[in-house]
There are 2 protein chains.
Amino acid sequence: MITYSFADIGSDSLYIHLYKCIKNDILQGILQAGEKLPSKRSLAKNLNISVITIENAYAQLIAEGYVYSIPKKGFFVADIKSLHKKEEPILSTENVQLSSGKSNYLADFTSNQTSSEHFPFSIWAKLTRELLTHNQSELLTNPPCGGILPLREAIAKHLKDFRNMTVSPEQIIIGAGTEYLYGLLIQLLGFDKHYAVEDPGYNKISQIYESHCILCDFVSMDSSGVNISDLEKQNIDIIHISPSHHFPTGTVMPISRRYELLGWAAKSDMRYIIEDDYDSEYRLSGQPIPTLQSIDIQEKVIYMNTFTKTLASTVRISYMVLPKHLVNTFYSKLYFYSCTVSNFEQYILARFISEGYFEKHINRMRNYYHSKRDLILHTIENSPLAAYATISEENAGLHFLLKLKTNLSDKEFLQRMEHSGIKLSSLSQYYQVPPAAVEHIFIINYSFVAEENIEKAIQMIYRALF
Amino acid sequence: MITYSFADIGSDSLYIHLYKCIKNDILQGILQAGEKLPSKRSLAKNLNISVITIENAYAQLIAEGYVYSIPKKGFFVADIKSLHKKEEPILSTENVQLSSGKSNYLADFTSNQTSSEHFPFSIWAKLTRELLTHNQSELLTNPPCGGILPLREAIAKHLKDFRNMTVSPEQIIIGAGTEYLYGLLIQLLGFDKHYAVEDPGYNKISQIYESHCILCDFVSMDSSGVNISDLEKQNIDIIHISPSHHFPTGTVMPISRRYELLGWAAKSDMRYIIEDDYDSEYRLSGQPIPTLQSIDIQEKVIYMNTFTKTLASTVRISYMVLPKHLVNTFYSKLYFYSCTVSNFEQYILARFISEGYFEKHINRMRNYYHSKRDLILHTIENSPLAAYATISEENAGLHFLLKLKTNLSDKEFLQRMEHSGIKLSSLSQYYQVPPAAVEHIFIINYSFVAEENIEKAIQMIYRALF
């Protein structure tokens, strides 16, 4: 029977020492593939140690594949030639930085970040200090799963004031980002439903649906927004749209299409419309069109909005407004989830809104973006680029479309831009199958581009044309 | 043809006024079910208003079900008897408060909340103030999807110091609560896998799996933890366990079972173990047993932990440690998700850990819980309850088991407790089919119970016995 000395055990425990001895013998070929090991009891007796020690050593050998056991027969040496230690995968730092907003671009026309000079740091600090001093008990009391009531009340009032929506706080569900809320919605509405997103559209939404293994298709758009007959033809249950300001085309859905869409939804109990109102606060001119939610009397619209655009992309607070009958379904199906936003930030934001700071902030930012847009448009007008550029959809949200006269393919042009330190995306990238007509159209999302770099960036765009 | 006056239009828009007039005629029976409405064009001409106004009015009538359209035939009055306006569901405030931690109990032995006197408010305020002043740009820069690097580095170091785990920051994924991370894990490992949780166990985990419409079964436990042959028999792919301190039984999985479990996982590429180490920081006596993660050389263990127990249940920060090969899968499949925890709190926590405050906090809390546990045990010993009580599993985590001699059913006993202002749960509630042997065993989670109420609570428990 195998026998080992425990003299040179060092700092190892008994079982680790025994494990190492046997493993070594297997690696050396002293114990050969198929050979039967002594039973736990007899080896314990032989080595004068406890059965449990043998058991632990054998268990580790089994876990690592050196030994296998056959029930009621015993333990056998494995064929270690077949033991392939997994190759150590390389963790690339590039991978880990994915989706990080760090950037060395001269101008990044794709980022949703806000620059730090515009975040209301001093008010935020003041509110934080006051809460940490005077509201300690509230901060540590678990919130309802939909979020703390003061924040939901503040949002309800904001929606009334800014969007003329009549919503009770109970209908509002707070979550750590819109992406998280999509996941909740799938759980609420069902994995068996047929979802759809707009084509063209924001890729991330369909990625989330795909990642949840649910059926998600693309519905074409015409100049008024999502195509109703395509919805019918594809037998869609739930459509995800951004009627106030479509990304990336900038289309604003007219009222007639809104009603048609509500009419489509009313035809089946399965049908719902997810209305993403992500940047409605930044409409720069013209009358705002009422939200679908506010003209929906059949309870077919789930309204979503976020503070990542208006406040900061790194403060992860979004919300959805559920139709009343879905509120009850939500609480009966998903009551067990904790709210994903920290109480601390919920209370800060609640006071930020209810004490009027949010409204002031939005007004300030709207003016800032307005003048930034004008600066870009003015810079283009007064540059040689003007002769090669057509601008459209410049009145809503924080981006517009720039059509360029060039013979370069979009891919080539974007590569040239990348080399010049400019990050840009093309309209064609947002289509499943880009039609020829959208070639040479680029998206100028100007929220994160520094004003002092605009002139240089426009020059670079011009130079890249030839 | 129908004709309406626009004299008394008031503040309504043209189309709303027209919509109201037609709707009124339908409700009055002036326009009857099946009647054809004039075409948009002819009505526009008749009323001398634009076609688009008619279109909008018709669209709203369609959306509300008063009118239906037949393609190429026109618009018809609907049968309004069949129009059932949805009954307004009642939004119960009780619903909305669900999962809220507000409580009027004399003693709540079920809550995971921490009381505000133990949260390090002044340090938190200091760190927040410093960050809001000196790190504005970092705070607004989008983090990598796995979380900011300084926090992941701080956690990696903490895991080395406290759990002797060697983990690179890249393997750590930060998320807004463990519940959210489970959702991510399902997307990472697959909706088609066969998941399992421990029976008995923490209900919420299986609720999350069910809510994602995936196959989730229950695996029985013996005195060493989850039963391996039951795993094999049920053909489980992914098992969710808490080996350091099982909730609610308090079982600590011995090393031999840990290796057996790793051996089980090694047998198939589909198999993984999710190790939830949720309250290992609060082991009150005895040697800690190494985590499964630290003895796993086959990359089969996904380690999870949270700051909700150690810091506050309302600060939603948890993390998981992925085996290296899964890190790459994570970044290639789920890179598009934004991190769900606000940058602000990620940076605060990173400094809280790396500057040594977290270690001090844990030590202080461990002492506090230690003395609180002793106070409860001492109070029981010196009360008439002692003759009717047996205590077990009191050395780990923040709960122990109290077995009572009583003829009351668990349900009856819990009701009596509820009437006395004491919230308690029974061991039997955590079983799918509770065996008779677990009757009369109650879970004393003492983390949230105020010390001054302990004596009174023990009296109440005693009185409820008869």
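I began with Arg257(B), which forms a salt bridge with Asp222(B), the closest N and O atoms being 3.0 Å apart. This is a predicted model, so I kept in mind that side-chain atom pairs count only at pLDDT 80 or more. The two partners sit 35 residues apart, with Arg257(B) in helix α11 and Asp222(B) in strand β6 (residues 216-222) of chain B. I checked accessibility next: Arg257(B) is buried at 11%, while Asp222(B) is partly exposed at 30%.

Then I turned to chain A. Glu232(A) pairs with Lys267(A) in a salt bridge at 3.3 Å between the closest N and O atoms. Glu232(A) belongs to helix α10 (residues 228-233) and Lys267(A) to the loop between α11 (255-266) and β9 (272-276), so this pair ties together parts 35 residues apart in sequence. Lys267(A) is exposed at 62%, and Glu232(A) is partly exposed at 31%.

I also noted a network of salt bridges linking Lys126(A), Glu130(A), Arg351(A) and Glu355(A).

How many salt bridges cross the interface of chain B and chain A? I got 0 by the rule. Polar contacts there are another matter: 30 residue pairs, both at pLDDT 80 or more. Helix α11 (residues 255-266) of chain B gives the most to its side, with 7 residues. That side has 40 nonpolar, 34 polar and 15 charged residues. The buried area came to about 8300 Å², with carbon and sulfur atoms giving 60%.

Note on methods
Residues numbered from 1 in each chain as written. Chains lettered and ligands numbered in written order. Predicted model: local features only at pLDDT ≥ 70, side-chain atom pairs only at ≥ 80, totals over all residues. Heavy atoms only, no water. Buried area = accessible area lost by both parts, 1.4 Å probe. Salt bridge = Lys/Arg side-chain N within 4 Å of Asp/Glu carboxyl O. Polar contact = N/O pair within 3.5 Å; in protein donor to acceptor, adjacent residues only side chain to side chain. Helix = DSSP H or I, 4+ residues; strand = E, 2+ residues; numbered from the N terminus. Nonpolar A, V, L, I, M, F, W, Y, C, P; charged D, E, K, R; others polar. Buried < 20%, exposed > 50% of the residue type's maximum accessible area, 1.4 Å probe, protein only.
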